[in-house]
Amino acid sequence: MILDKVNYPKDLKNLSISELNCLADEIRDLIIKKVNVMGGHMAPNLGFIEATIAMHYVFDAPKDKMIFDVSHQCYTHKILTGRKNGFLNPEDYLKYTGYTAPEESEYDLFKVGHTSTSVSLATGVAKVRDLENGRENVIAILGDGSLSGGEALEGLNNAAAFKSNFIVILNDNDMSIAENQGGMYDNLRVLRETDGKAENNLFKTFGFDYCFLKDGNNIEKLIETFKNVKDINHPIVVHICTQKGHGLEVAEKNKEFFHFVMPRALEKKDDTNAVPQENYTSLIKEYLYNRAKTDNKFVIINAATPGVFGFTPDFRKELGEQYTDVGIAEEHAIAFSSAVAKCGAKPVFTVMSSFVQRTYDQLSQDLCLNKSPITMLVYWGGISDADSTHLCVFDIPLISNIPNMVYLAPTCKEELIGMLNWSISQTDHPVAIRVPSGDIKVTDIEDKTNYAMLNKYSLENKGEKVAIIGLGNFLELAQKTAELINKNLGFMPTIINPKYITGIDTVMLEKLKENHKIVITLEDGVLNGGFGEKISRYLGNSDIKVLNYGAEKEFTDRVPIEDLYKRYRLTPEQICEDITKLIND
């Protein structure tokens, strides 16, 4: 294998073009094998193998700074920078994260996993270089899909004003996760069709120099192009056209499916990356579809991640104008949704918890200050074993502390449908609903909650001494904990399903003072600024002892979820142990 001779970028410089091409094939095989076993970003990495090899062949990292946007296309970069064992040896598959990580290597300058950031980060690097009279190249790797994110455009606007070396490599594969959305992509199409010679050029308009390479998967041409811009003394965009999924036929044909795949995707007999039918995602998808078909002012909105919500190409096509993908632009999505609601339509914005933080100002100003009655569905919220770049534990403090917002936490199918029906019909509040995780739970009890009566909790079981308030996903943990306390201590605690994240049921909490000494709050998210602290604050001047259980304020990175539950004392046994100690004391 050629890869046997390559441990760091300097080893590339002695290889022939033929050997570099063989190396690309070897790396492609490694990526396909590992991602098929472990899951991960398949198509973005396959399309950027040749460009990564050429970059490291021409430039002199780590002296020259390479900043990857999103960094989900960095697998080849990792293989070439001392981390190939993480792809060669199955026992080391989990050793390295799927994103750039400075703690792993000096070749990684930033830890990033959200989009549209590379140019902004690179401008800061270039600024300091210039202050220190440095001469190294600063290279921002930017995907074409990332251009729809506002930060990318802000960064380009700033970067074009530099009077020194600044290189933007635009990886144009005519795709975001799904198809690109927005008017600027017409200009990219024209540039591709004219080999970069079109008079109308987005990047020249910004003030960049510009060069174009049609075959962005040709190592020899890439090397020639990069040599021409190395050590350049002004900002330039190098526009390379690549093929997403390059070298894997099924990924080339179905780019959206293979953007990110679950393990064993290549062994599936169909070409869908859909989640199982019986879950909350499919339930919501069917609900939204049926509402849209009976109300032409019902609008479904998402920001470039349709697969998270099960929004397949057929689903999107069927909804037509009642479906809007705003591109990678959560900020715009909230403002857009707010205006849609203000004008009398019924917008539903679907978003992954990890991406909520990208739109905090718009949630506050454009949405809540204006009391626009949108429905926002927050997916995947909770403690998880995710990469540190995609943690979903912070949405409760982010959303629930903004005035005028109603944030709801259903625990079963019936509550979810009830909340959706109320949220879409009411006109007084912006409403967010935290979509439950795990297997779908169905009860035989119709949800009769009047959600217009804000902050009224549900008493699931009337007990004594100890009250357990289990929010959303953690109602089941509350039930299991109560059963264990009953078994070990001989009394059954009260169990409460709060349903509302944004407020407290003062009437119910006052009643707890009559015959309860301990109140426990359980939340599937970070404690700081979260739900439990609201309960603690209200009961703080009483004789009741309040224990808040949830996640610590920290960035975890691929830590097994069971380990996190134990770390945070979120098991029935640990909670029961704490209660026993308190009672005995």
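Biologist: Is Trp-380 buried, partly exposed or exposed?

Modeller: This is a predicted model, where local features need pLDDT of at least 70, side-chain atom pairs count only at pLDDT 80 or more, and totals for chains, interfaces and linings use all residues. Residues are numbered from 1 along each chain as its sequence is written, and side-chain values use heavy atoms, with hydrogens and water left out. Buried means under 20% relative accessible area, exposed over 50%, and partly exposed lies in between (1.4 Å probe, protein chains only). Trp-380 has 48% relative accessibility, so it counts as partly exposed.

Biologist: Where is Trp-380 found?

Modeller: Helices (H or I, at least four residues) and strands (E, at least two) are DSSP runs, numbered from the N terminus. Trp-380 has a positive phi of about 65 degrees, although it is not a glycine. Its place is the loop between β9 (375–379) and α17 (395–400).

Biologist: Is Lys-499 buried or exposed?

Modeller: Lys-499 sits in the loop between β14 (494–497) and α20 (506–515). Its phi is positive, about 65 degrees, and it is not a glycine. Its relative accessibility is 4%, so Lys-499 counts as buried.

Biologist: Why is strand β16 largely enclosed by the rest of the structure?

Modeller: Strand β16 covers residues 545–551. It is largely enclosed because, of its seven residues, the number buried is five.

Biologist: Which residue in β16 is the bridge partner of Val-526?

Modeller: Strands pair if DSSP finds at least two bridges between them. Six bridges join β15 (residues 516–526) to β16, and the two run parallel. The partner of Val-526 is Ala-551.
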